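Okay, everyone, I've got a structure to walk you through today. Have a look at it first, and then we'll go through it bit by bit.

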Amino acid sequence: MKLLVTGGAGFIGSNFIHYWLRKYPKDKIVNLDALTYAGNLENLKDVESNPNYKFVKGDICDKDLVNELVKDVDVIVNFAAESHVDRSILDAENFVRTNVLGTYTLLEAAKNNGNKRFHHISTDEVFGHLGPNDPAFNELTPYEPRSPYSASKAASDHLVRAYFHTFGLPVTISNCSNNYGPFMFPEKIIPLFITNLMEGKKVPVYGDGMNVRDWLFVEDHCQAIDLILQKGKIGETYCIGGNSEKPNIEITKKIIELMGKSEDMIEYVKDRLGHDRRYAIDFSKIKNELGWEPQVSFEEGLKKTVEWYKNNESWWKNIKTGDYKEYYKKQYGK
Ligand code: NAD
Ligand code: DAU
């Protein structure tokens, strides 16, 4: 099989490429990535000389390039996106461009080149947010996105569904909860807090720290995508979750404990605008139909993740310079 993976130089995409080439060494992967601030070829150093792997620097909105690449593959797996909620609050333009126009461009190319198999990576944030006693999101939950990021992802999901209904494009979508693990860009809470503590900096907890996220180790997400590609029903959506709902303050304290630091390092800062209160995922559909469930517990995954950041200091130190510093200043005022 030949796959076009978009956004493969980012966090989940690079983990997926490692996963796939390990599991299916005869398959071929073309990685199309624009190398925005979040794309990093360091994430793929150990596969760059693999003859079954090819990197193409380019934009998923580039119609001609996308068309050329799609011609030559069997499957498209679309990870490419602007992915960070806080950045979408500072400036949403790139979110609309990449997440909506980019997905549209890929869908058009898939349609115009013999209706290629298309898997779209999406998020639980398209469903909005939950109160403390609401049932978890599932595949039938109505869309109610509340941030520019989640609105742009919701728009892309709708386009993917439309291409299935209108043109019969063989699509699947997965809506996953918060991932964590190696190669995660240190703007997201877990790697930000680990690396801040390693630098002797405080960890900025938004609001009252009681917002809840569901956490999934990235390798488990890759396995779920694999199963959907092999056995998923065309035209369907699959919700993927970690069965691991945690308030942010609990995660913060766990990271502090694992790193042997003091809770004095916690700094409560002003809340994120429109901050979604709680996400939770009911993943019984993928469990019952495809036999998937998470393998890595939060305790084990968090330990592994802390170790990875300790062992890969130069990876994140290189990132926490330049553009990142400007972003950090805008976001946290220092
Ligand atoms: P990321 O920000 O780490 O990586 C995104 C990648 O896309 C980067 O390599 C970037 O260079 C590339 N990219 C951005 N714009 C592009 C463009 N116009 N053309 C080509 N490449 C472009 O993101 P991530 O956390 O790995 O997320 C990957 C996907 O998974 C996204 O679609 C995101 O919405 C979704 N998702 C993420 C999570 C999470 O917890 N991180 C959870 C659920 C779903
Ligand atoms: O739910 C899936 C989504 O998870 C993905 O679609 C997104 O791409 C991904 O970025 C992630 O979004 P979140 O907004 O949930 O992740 P983030 O790590 O930015 O924030 C997690 C929680 O931690 C959220 O409640 C905000 C809070 N937070 C975050 C940062 C960066 C803090 O309290 N302090 C911080 O400095």
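So, S150: which residues does it touch, not counting those up to four places away in sequence? They are E125, V126 and P145, and by contact I mean heavy atoms within 4.5 Å. S150 lies in helix α5; helices here are DSSP runs of H or I with at least four residues, strands are runs of E with at least two, and both are numbered from the N terminus. S150 is buried, with a relative accessible area of 0%. Buried means under 20% relative accessible area, exposed means over 50%, and partly exposed is in between, using a 1.4 Å probe and protein chains only.

Quick housekeeping. This is a predicted model, so local features need pLDDT of at least 70 and side-chain atom pairs count only at pLDDT 80 or more, while totals for chains, interfaces and linings use all residues. Residues are numbered from 1 along each chain as its sequence is written, chains are lettered from A and ligands numbered from 1 in the order in which they are written, and side-chain values use heavy atoms, with hydrogens and water left out.

Back to α5, and its partner α4. Helix α4 covers residues 93–112 and helix α5 residues 148–167; they pack at an angle of about 15 degrees, with their axes 8 Å apart. The axes are lines fitted to C-alpha atoms, for helices over the stretch in contact, and angles run from 0 to 180 degrees between N-to-C directions. That angle makes α4 roughly parallel to α5. For the wording, under 35 degrees counts as roughly parallel, over 145 as roughly antiparallel, 65 to 115 as roughly perpendicular, and the rest as oblique.

Who meets whom? On the α4 side, the residues include F95, V96, Y104 and L107, and on the α5 side they include Y149, S152, L159 and Y163.

Let me stop at L107, which is found in helix α4. L107 is buried, with a relative accessible area of 0%. Leaving out residues up to four places away in sequence, L107 touches F118, L159, V160, Y163 and L169.

α4 has another neighbour, helix α2, residues 63–71. The axes of α2 and α4 come within 9 Å and cross at roughly 45 degrees, which makes α2 oblique to α4. K63, V66, N67 and V70 of α2 make the contact with T105, L106, A109 and A110 of α4.

Now, rings. How many aromatic pairs does the structure hold? There are 23 aromatic pairs, where rings of Phe, Tyr and Trp (its six-membered ring) pair if their centres lie within 6.5 Å, and planes under 30 degrees apart count as stacked, over 60 as edge-to-face and the rest as tilted. Take F16 and F79: their ring centres are 5.2 Å apart and the planes sit at 50 degrees, so the pair is tilted. F16 lies in helix α1 (residues 11–23) and F79 in the loop between β4 (75–78) and α3 (85–90), so the pair ties together parts 63 residues apart in sequence. F16 and F79 are both buried.

Then there's Y37 with F185: centres 5.1 Å apart, planes at 90 degrees, so that pair is edge-to-face. Y37 sits in the loop between β2 (28–33) and β3 (53–57), and F185 in the loop between β7 (178–180) and α6 (189–198), so this pair ties together parts 148 residues apart in sequence. Y37 counts as partly exposed at 24% relative accessibility, whereas F185 counts as buried at 10%.

Y37 and F185 also belong to a cluster linked by ring pairs, along with Y206, Y324, Y327, Y328 and Y332. R87 lies over the face of Y37, at 3.6 Å from the ring centre, and over the face of Y327, at 4.1 Å. For that, NZ of Lys or CZ of Arg has to be within 6 Å of the ring centre and within 35 degrees of the ring normal.
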